[in-house]
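Trainee: Hi! Could you walk me through this one, starting with any space enclosed inside?

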Amino acid sequence: MSYHEHPLVVTGPKVQDMLGIVSLPAPGAPQKTTGVVIVVGGAQYRVGSHRQFVQLARFLAAAGYPVLRFDFPGMGDSPGDPVPFEDSAPHIATAIDALRGQGTGVGKVVLWGLCDGASASLLYMQARHDPRVAGMVLLNPWVRSDAGLARAQVKHYYRQRLMEPGFWRKLAAGGVGWQALRGLGKNLRAMRQKPPETLTFQELMAHGWKAVEGKIMLILSERDLTAQEFVEHAKTHPAWRGLLSRPGVTQHAVHGADHTFSSSSAQREAEAVVLAWLNDLDR
């Protein structure tokens with residue numbers, strides 16, 4: 001094989017032990033000094049939906065990059081209570097320590113995160129300003145709020161529905177059109193919600209984005225409401241103004257992809273984009 005793997009107990013003074021898998025290039029093969037930590041998001045563990053994290057780790061390891069994927073407490077094979085993504089900074093720090101302590105020569109680290117794994121990565125940088133993090137790969141970051149969800153639905157669903165002749169025919173015939181209009185009204189009211197007085201996790205994510213001194217690769221799925229919510233939030237919220245166009249930020253849209261890049265073509269495209277970006281970063 002062009003890679004090899006071994007289990008690892010990710011342990012630290014302030015966190016419960018976590019089970020990880022380290023993927024490395026085959027013995028004797030060239031190895032990069034940049035490592036990748038996969039930050040798992042949602043109700044997932046180190047394997048990922050449709051083995052997404054397994055395949056990504058092995059793909060990158062075969063290309064020379066050491067990769068660690070691990071289970072947060074309460075997930076997969078790690079004991080303990082589940083940890084909200086907003087509180088995962090100590091666990092991410094411990095995972096970085098573990099990968100760099102494997103005697104592999106890893107110096108800098110890239111955090112790769114999907115959904116609230118991407119959000120957790122940004123919150124980590126907001127909390128730690130870790131100079132060991134050379135960059136981030138963020139896929140469909142999670143910024144959901146009632147107002148943000150309503151805004152995305154109005155723009156990407158209701159606007160399209162109002163342009164369809166079939167919608168108006170159903171409305172005139174007393175079909176489902178009235179229900180859709182009531183849903184539109186509910187979303188418009190949610191968009192007008194008063195923002196909270198304390199910093200939200202979305203605002204803290206923006207601070208984390210600013211704290212990244214390296215490069216950021218933002219990958220967005222075309223057919224994903226979470227990705228659409230993120231784009232709308234970044235365009236409309238003052239804390240995010242100009243962040244997506246900062247130097248060092250690269251964006252890539254995967255056409256036809258769903259939230260987890262479940263089709264083989266979408267997954268291969270996302271993997272290829274990440275590898276090309278890593279190779280450029282590692283020069």
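Mentor: Happy to! The largest cavity holds about 80 Å³ of space. On a 1 Å grid over the protein atoms alone, a cavity is a set of points where a 1.4 Å probe fits but cannot get out, and its volume is the space filled by probe spheres set on the points, which are joined across faces, edges and corners. This is a predicted model, where local features need pLDDT of at least 70 and side-chain atom pairs pLDDT 80 or more, while totals for chains, interfaces and linings use all residues. Residues are numbered from 1 along each chain as its sequence is written, and side-chain values use heavy atoms, with hydrogens and water left out.

Trainee: Which residues line the largest cavity?

Mentor: The lining is Gln 52, Leu 56, Trp 112, Leu 139, Phe 261, Gln 267, Ala 270, Glu 271 and Val 274, each having an atom within 4 Å of a point. Helix H9 (264-281) and helix H1 (52-62) are the elements giving two or more residues, and H9 has the largest share, with four. Helices here are DSSP runs (H or I) of at least four residues, strands (E) of at least two, numbered from the N terminus.

Trainee: Switching topic, how many aromatic pairs are there?

Mentor: The whole structure has six. Rings of Phe, Tyr and Trp (its six-membered ring) pair if their centres lie within 6.5 Å; planes under 30 degrees apart are stacked, over 60 edge-to-face and the rest tilted. Phe 85 and Phe 201 have ring centres 5.3 Å apart and planes at 80°, so they are edge-to-face.

Trainee: And where do Phe 85 and Phe 201 lie?

Mentor: Phe 85 is in the loop between strand E4 (67-70) and helix H2 (89-100), and Phe 201 is in helix H7 (residues 201-211), so the pair ties together parts 116 residues apart in sequence. Phe 85 is buried, at 15% relative accessible area, and Phe 201 is buried too, at 18%. Buried means under 20%, exposed over 50% and partly exposed in between, with a 1.4 Å probe and protein chains only.

Trainee: Which residues do ring pairs link into a cluster?

Mentor: Trp 209, Phe 230 and Trp 240. Both Trp 209 and Trp 240 are buried.

Trainee: What about the second largest pocket, how much space lies there?

Mentor: About 190 Å³. A pocket is an open set of points with protein on both sides within 12 Å along at least five of seven lines. Phe 85 turns up again here, among the residues closest to the centre of this pocket, along with Val 40, Gly 42, Phe 72 and Val 83.
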